[in-house]
Amino acid sequence: MNKKIVLVLSIILVFSLMVFSGEIKRGGTLKVINPWGNLTNNSNPFLPTGQSLPTGPAIYEHLFYMNELTGEIIPELATEFNWINNSRTLNITVRNNVKWNDGVPFTADDIIFTFNYIKKHPELDLNGIWGKSSNISDIEKVNKNSVNINFSIANTPFFYYITLVPIVPEHIWKDIKDPSKFQNQNPVGTGPFIIEKFNAETNTVKLQKNKNYWIKEKPYIDGIEIVAVNSNNTSFLKMLKGEADWTFSFVPDVDRSWVSKSKDNKKWWPTLNTNMLYFNTMKDPFTDKILRKAIAMSINKQQILDKAYYGIGEIADPTGIVPKQMEKWYDKNLDKYSYKYDPQKAKELLIKNGYSYDKKNNLLKPDGSQLEPFNILVGAGWTDFITMAQIISNNLKDIGISTNIQQEPWNTYITSVMTGTYDTVICWSTGTGPTPYYLFFKEYSSEFTGKEIGENSVSNYSRYINPIIDEALKSYPTTDDFNVQKNALSFIQKEILKDIPVVPLTSRTEFEIFSEKNFIGWPSDENPYCAGENIDADGGKYILLNIHLK
């Protein structure tokens, strides 16, 4: 499978957005508001998002970037790729004339080192590069310009996860014995920016342009200033006051409260993901799929969409498949396993399976004891998730269940989610990609979950293990036959509709709002050169590369 044509088109699209370089006004410092709480002076690119500074892709690059909205594949530290050997070998051509920001040349050896390093330290392998489902056997250097990633069996869909690996310099990381604890406060990368200063007192990190960046004409801006705040509301107020150019947090009634205020105020909210209510399936009472289904049937998703997002987006399908993929991949034969909002039927389901009610309409478990109130975890100050939790809490009173809304700042929140100390949590789906396989792989593969509470789950936050799903996930990537692939995904859909480890709530749009008062060149529906990601996601780098002074 030869991707040369796609790559050429991609590089034209992303790196040549402006026809005449003379039209570009250079300079300026971009001001960004990060709404997710206090910053930590840690630039380790292998840590989960939120446990390090939101600067990763600006410093550490990948072999390629895949735009999930358009399907475009953008060459970064590699220039092209080819599947050879009956699609069991991914041959990658290495980009020449790239240097790390300390002046040391980037080489194929850095690629080999990075992939083998995460093999040696599996706690860094957030995307299962060396997991059982990847079928990668080894990575080898062909010559100074070429690397092969070899698979034991064909697995072309796994290319997407290979694009997510940040490449690090061997001459720095070879001496790091415990990378999971390495704070990397002076990061050496190939990206377009370098960290200039971190200030814990003001919760600010400043970056300056990498003057030796391999795309000679970019970036156009001189620097970035990122200020962290603790809530969506604070972030939005700073935007309204003109104190920042860009943020990525939910804004209630965004067209009225932001876009209508000025011709310079813009939003871009593409749909790419799904908001989920996760059950901790390793924790009582959520080990019971009957209770999980009754809760799912009692949540008014339309009310959530209307009140949390002012009707923007769509109600999520119970499978979690995003709207743009439903027609092609959803198995309509599984409708009989699905569920709709119906609290009365939810009560009937519970009673049929041994639950009962006391005189005050409190739900009693099959052993006769009252179901204790449980927590719904959300991020502190995340107004959309807080609204969702409030609605769910009120909805569940209809079936005799009491809950508490638990707010935690980002670092604590994501730690609770990954270590499995939560009861239920509202979070986004961890798997995205061009087909539902990528959703199901990250959400339900047993290789991503901790086997006991306290052990990290890099995804599969519900800690749900199902051998049928594991087998279906293995069969999907071994073929290009659409019917065989759809059949594999149908098995998965059936299992999750029967077991309900999560409740998909609404489609999740990205929440980019920005001002064109100082900078232009932002992504849009007409020019979706990235997938709507924020500054600490892979596509955020392309925003930093394409904006320039007005």
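Is K541 buried or exposed? K541 has a relative accessibility of 3% and therefore counts as buried, where buried means under 20% relative accessible area, exposed over 50% and partly exposed in between, with a 1.4 Å probe and protein chains only.

The model is predicted, so local features need pLDDT of at least 70 and side-chain atom pairs count only at pLDDT 80 or more, while totals for chains, interfaces and linings use all residues. Residues are numbered from 1 along each chain as its sequence is written, and side-chain values use heavy atoms, with hydrogens and water left out.

K541 forms a salt bridge with E61, and their closest N and O atoms are 2.7 Å apart. E61 lies in the loop between α2 (56–59) and β2 (64–66), whereas K541 belongs to helix α17 (residues 540–546), so the pair ties together parts that are 480 residues apart in sequence. Helices (H or I, at least four residues) and strands (E, at least two) are DSSP runs, numbered from the N terminus. A salt bridge here is a side-chain nitrogen of Lys or Arg within 4 Å of a carboxyl oxygen of Asp or Glu. E61 is also buried, because its relative accessibility is 0%. A network of salt bridges links E61, E76 and K541. Side chains of opposite charge can pair when their charged atoms come close.

Across the whole structure, the search finds 16 salt bridges. One of them joins K267 to D255, with the closest N and O atoms 2.9 Å apart. This pair links distant parts of the chain, with K267 in strand β12 (residues 265–268) and D255 in helix α7 (residues 254–257), 12 residues apart. K267 has a relative accessible area of 31%, so K267 is partly exposed. D255 is partly exposed too, at 38%.

Another salt bridge pairs K174 with D175, where the closest N and O atoms are 3.5 Å apart. K174 counts as partly exposed at 44% relative accessibility, and D175 is partly exposed with a relative accessible area of 48%.

Helix α12 can be taken separately. Helix α12 covers residues 383–397, 15 residues in total, and reaches 22 Å from its first C-alpha to its last. That is close to the 21 Å expected at 1.5 Å a residue, the expected span being 1.5 Å times one less than the number of residues. Of the 15 residues of α12, 11 are buried, so the helix is largely enclosed by the rest of the structure. Among the buried residues of α12 are T383, D384, F385, I386 and M388.
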